[in-house]
Amino acid sequence: MMVLVGVLLLLMALDFPVAFAMTGASVVYLLLRGDIPLVVVAQRVTVGVDSFVLLAIPFFFLAGELMNQGGITKRLVDLAQAVVGGIRGGLGHVTVVTNMVMAGMSGSAVADATGTGAVLIPAMVEAGYPRVFSAALVGAASTIGPVIPPSIPFVIYGGITGVSVGRLFLGGVVPGVLMGVFLMGAVYMVAKRRGYRAEGWLAASEALRNIWRAIPVMLFPVIILGGIFSGIVTPTEAAVVAVVYAVFLSGLFYRELSLPGLVRLLTMVAANTARITFIIASAGLYGWLLAREGVPQMFTEFFLSISQEPWVILLMVNLLLLILGCLMETTAILVILTPVLMDLITKVGIDPVHFGVVLTLNLMIGLLTPPVGMVLYVMVSLAKVSVTEFTRECAIFMLALVVVLGLITYVPGLVTFLPILVMGK
Amino acid sequence: MQSVMDRVVGWALAACLAGMTCIVFVSVIFRYLLNSPLIWTEELASLLFAWLTFVGAYVGFRSRSHISIDTLVIFLPAPARRRLTRCVDVGVLLLLALFVWQGIKLTATTWSLEFPAMEISRGFLYLSFPIGCILMAIGIVQSWRRPRPEAASQEGRP
């Protein structure tokens with residue numbers, strides 16, 4: 001066990017690609033043991049991605065990117081403007097609502113941050129909001145993306161644990177809406193303190209036109225979520241239907257997507273998918289060896305020796321994840337820790353659907369924190385602000401998200417109510 | 001600077017993803033509109049997914065945009081960091097050599113097995129790993145000779 005964990009940490013600290021830190025640690029371990037043939041390396045890694053559930057990952061990426069390139073994101077911003085633009089801190093609320101609606105179609109926070117940031121940051125700066133405020137808000141709001149379904153982290157979690165992805169998707173709805181509401185509260189407070197004005201409501205005719213033009217876009221969540229929850233399609237199939245609809249909408253309806261553009265997009269999404277799924281594949285090997293060594297059980301015993309209370313365990317796990325979230329890449333934490341934590345979670349009787357949503361929301365906060373936060377870096381480079389400025393400005397939004405994390409951790413009903421209502425016990 | 005190989009891999013990846021999309025979409029159509037489910041679609045789409053993963057990893061190495069944790073090494077002075085990066089590359093190449101060897105061995109031993117629905121050899125699945133590893137090794141060596149500073153976009157992480 002020391003070899004597996006120690007070599008992994010060493011290789012990761014040396015800046016090895018995460019996938020090779022995992023396979024490398026596994027190879028060292030196998031060589032030292034000598035009684036397991038090395039061919040399991042190839043076998044476990046390959047089987048790690050031979051999964052129909054994980055197939056949803058590239059499709060949800062693709063749907064998100066198609067929306068960004070195909071002019072769909074722009075229509076969403078117009079829609080949000082018509083609905084919440086008149087509240088104090090107007091465009092700030094527009095940012096949050098756009099991301100909430102976008103979250104119902106795309107499964108990736110980084111895709112959401114890039115797409116909405118490209119449209120909203122210039123608009124906010126032009127309306128007189130500080131650049132760093134706009135960037136921090138878009139970043140924070142984009143973390144709603146993977147909590148409101150569809151969601152790539154839920155697909156990965158479901159793929160690893162066997163928990164129903166449909167249930168996880170339903171479990172994310174209320175927490176995602178709460179994130180939006182709390183962020184809007186934070187925007188209102190900042191706007192009031194600094195004296196940001198409201199931009200004023202749109203004229204009724206313009207508001208109605210914006211809503212009318214966004215109706216084809218609003219069919220997205222209906223298709224995706226309706227399809228999954230009614231049991232007509234699996235999450236993977238729903239993702240494909242969403243892709244086909246996005247191609248239709250942006251290519252034929254809004255006419256903002258060309259064939260060469262589509263090919264470029266496919267290549268980019270494929271390469272970005274591979275970066276994540278290669279890590280998942282490697283975790284297939286690494287997680288299998290960890291389980292053979294009984295590491296999850298040791299981990300469980302350690303936690304249980306501190307406390308048997310589920311609420312203390314959840315507190316410790318949340319703190320551990322928040323700290324790791326600052327230091328490590330989200331996917332890496334998700335694939336390495338999920339199998340280890342599952343043993344603990346089931347032993348103390350925590351619902352795995354509830355835990356999956358808590359875990360995901362927690363890791364999304366990690367996307368905003370330095371030194372390792374993907375959304376942080378996207379926003380910093382997109383808005384050309386410094387990491388320190390961004391972090392200071394983002395603190396109040398992160399605080400709002402941590403409050404939601406605490407709420408859903410200790411009121412499990414917020415997560416589990418919808419899955420039980422729709423899909424039964 | 002795009003080499004012929006970058007372009008070929010790019011097209012192959014795009015075709016792979018487009019193929020997966022079409023296959024799954026067609027399977028939905030056949031099941032619901034035509035009421036005659038196709039049994040081979042899940043297997044074929046998953047097979048393409050494995051190829052997409054391992055061949056796509058080439059792009060990550062080629063443009064040096066794979067996911068790694070540089071929290072500590074950013075504190076090193078630039079020359080030391082360059083040397084470390086080269087050492088890590090060599091370490092990864094050694095692992096890749098091992099994976100190619102074991103991957104080919106696995107492909108050979110599983111060649112006689114078949115996918116239940118597609119009735120083609122399961123070796124086609126296991127072959128994706130060694131082939132992908134060969135491409136990744138080429139990607140690393142290419143990135144030494146022709147560094148591409150404009151790393152692929154950071155987009156697309158959950």
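A salt bridge here is a side-chain nitrogen of Lys or Arg within 4 Å of a carboxyl oxygen of Asp or Glu. The model is predicted, and local features need pLDDT of at least 70, side-chain atom pairs pLDDT 80 or more, while totals for chains, interfaces and linings use all residues. Residues are numbered from 1 along each chain as its sequence is written.

**Exercise 1.** State how many salt bridges link chain B and chain A, and which helices of chain B supply the side that touches chain A.

*Solution.* Step one: the count is 2 salt bridges. Step two: H1 (4-32), H2 (41-62), H3 (78-110) and H4 (123-145) of chain B each give at least two residues to that side; helices are DSSP runs (H or I, at least four residues), numbered from the N terminus. Step three: H1(B) contributes the largest share, 14 residues.

**Exercise 2.** Give the area buried between chain B and chain A.

*Solution.* Buried area is the accessible area (1.4 Å probe) that two parts lose on being put together, summed over both. The value is about 5800 Å², with 76% from carbon and sulfur atoms.

**Exercise 3.** Check the length of H10(A), residues 165-194, and locate its kink.

*Solution.* The expected span is 1.5 Å times one less than the number of residues. After H10(A) comes Gly195(A), with a positive phi near 75°.

Definitions and conventions
Chains are lettered from A and ligands numbered from 1 in the order in which they are written. Side-chain values use heavy atoms; hydrogens and water are left out. The bend at a residue is the angle between axes fitted to the seven residues ending there and the seven starting there.
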